Amino acid sequence: MNKDFIQYQAQTTPHPLGLEVIDAKGSYVYTSDGQKHLDFVAGVSATSLGHCYPAVIEAIKEQADKYLHVMVYGEYAQAPAVEFSKLLAQNLPNPLNKVYLVNSGTEAIEGSLKLARRATRRTQILAAKNAYHGNTMGSLSLMNFEERQKPFRPLVGDVDFIEFNNEEDLNQITEKTAAVILETIQGGGGFIQPKNNYLKKVKARCEAVGALLILDEIQPGFGRTGKLFGFENYEVVPDIMAIGKGMGGGLPVGAFVASEELMDLLSDKPKMGHITTFGGNPLVAAACHATLKTILETELMAETLEKEKRFRELLIHPLIHEVRGKGLMLAAIVESEEIANKVILDCKEKGLILFWLLFEKRAVRITPPLTISMEEIEEGCGIIIDVLNKIKNKA
Ligand SMILES: Cc1ncc(COP(=O)(O)O)c(C=O)c1O
């Protein structure tokens, strides 16, 4: 492994994968040892159009030739951010018509929480158990894992937890609740979809007591589940939506979206109730615009469902208990954590990039770019099945 990477760059685990990347195009990542890796992870759902999608690269280059950062968010009108926000709002249901651009998913969550408290003048936030919303203090406060929270306390106060898909817990949503925040499809928890109109029921309860519903669309967003946003599969519209990852075609970005009425609260009493230097950066916004335009103008979104079907046909094996998720947000649930680890590491050796989920340890993450071809799906699933056969034969 690259020594300077270990010596000079802060590490997130004691055992990083450490692939030394020299190039990445389409569904493949190329490394310094001359290997070509088929990418079934897409930068953890971020490079939705594959690596270096031509329209995205062109938009970045065109903008780089004009201007980069000129002013903090909101003071100047800059075409890339304006055009992206307009195109996004035009493709969202009412009342989601105003976009606040930030720099990452977790910042989108922070903005959403602040907006909910500002709008309701209440403090309680209800989050779901096993949820992941990011790693800044506010987002970390929404994670009900003692071992992850304890070293960093005190966190943001007045956060309580409900169980995802548990209707009895909905009575915890009361007149004290500012917002309920949920991932539309739980990611780190194991790619769990809402069942029995759960999200509709949450929204109805929120409406009854004057609380807001925040949906975290950071993973399902931008076409990954066959619709532009995951919530469109479940007949519900959130009051606030947090987005990120796939929206930038590979550049760092996030946003929260709400009604004009709600969003305007952040610009007054206090003025500048939420500010960011680089949010709406023109280079990033140009990439977002090209990404969204591509997703809207091609068949990629609809094709995710055919691709899901192919994955489900190919990922049949005695060691795979279940394939969870929707569209190209899939996880193969294998028999044990050990097997999941072995599959991920052995596939890496055979040129297929897979990854873990944060909390569901038996899961093998499969979130390829939306641009992945049927042949590439067959190639990658073939590697997974070969590896599983070897594991089974050795047992
Ligand atoms: C559902 C969800 N919310 C929020 C985040 C945080 O996004 P970021 O890492 O861009 O801060 C992630 C990242 O994995 C996520 O999956």
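This is a predicted model: local features need pLDDT of at least 70, side-chain atom pairs count only at pLDDT 80 or more; totals for chains, interfaces and linings use all residues.
Local features require pLDDT of at least 70 and side-chain atom pairs count only at pLDDT 80 or more, while totals for chains, interfaces and linings use all residues. Residues are numbered from 1 along each chain as its sequence is written, and side-chain values use heavy atoms, with hydrogens and water left out.

**Exercise 1.** Determine how helix 4 is oriented relative to helix 10 and which residues form the contact.

*Solution.* Step 1: helix 4 covers residues 79-90 and helix 10 covers residues 282-297 (helices are DSSP runs of H or I, at least four residues, numbered from the N terminus). Their axes lie 8 Å apart and the packing angle is about 30°; axes are lines fitted to C-alpha atoms over the stretch in contact, and angles run from 0 to 180 degrees between N-to-C directions. Step 2: helix 4 is therefore roughly parallel to helix 10 (under 35 degrees counts as roughly parallel, over 145 as roughly antiparallel, 65 to 115 as roughly perpendicular and the rest as oblique). Step 3: on the side of helix 4, the contact (heavy atoms within 4.5 Å) involves Pro-80, Ala-81, Glu-83, Phe-84, Leu-87 and Leu-88. Helix 10 contributes residues including Pro-282, Ala-286, His-289 and Lys-293.

**Exercise 2.** Describe the orientation of helix 11 and helix 13 and their contact.

*Solution.* Step 1: the axes of helix 11 (residues 300-314) and helix 13 (residues 374-394) come within 10 Å and cross at roughly 25°. Step 2: the two helices are therefore roughly parallel to each other. Step 3: Glu-306, Lys-307, Arg-310, Phe-311 and Leu-314 of helix 11 meet Met-374, Ile-377, Glu-378, Cys-381 and Ile-385 of helix 13.

**Exercise 3.** Identify the polar side-chain atoms placed by the ligand's nitrogen and oxygen atoms.

*Solution.* Step 1: residues surrounding the ligand (a heavy atom within 4 Å) include Ser-104, His-133, Asp-216, Gln-219 and Lys-245. Step 2: Asp-216 places a polar side-chain atom 2.6 Å from a ligand nitrogen atom. Step 3: polar side-chain atoms also lie at ligand oxygen atoms, 3.1 Å away for Gln-219 and 2.9 Å for Lys-245.

Technical notes: A polar contact is a pair of N or O atoms within 3.5 Å; within protein, one must be able to donate a hydrogen and the other to accept it, and residues adjacent in sequence count only if both atoms are side-chain atoms.
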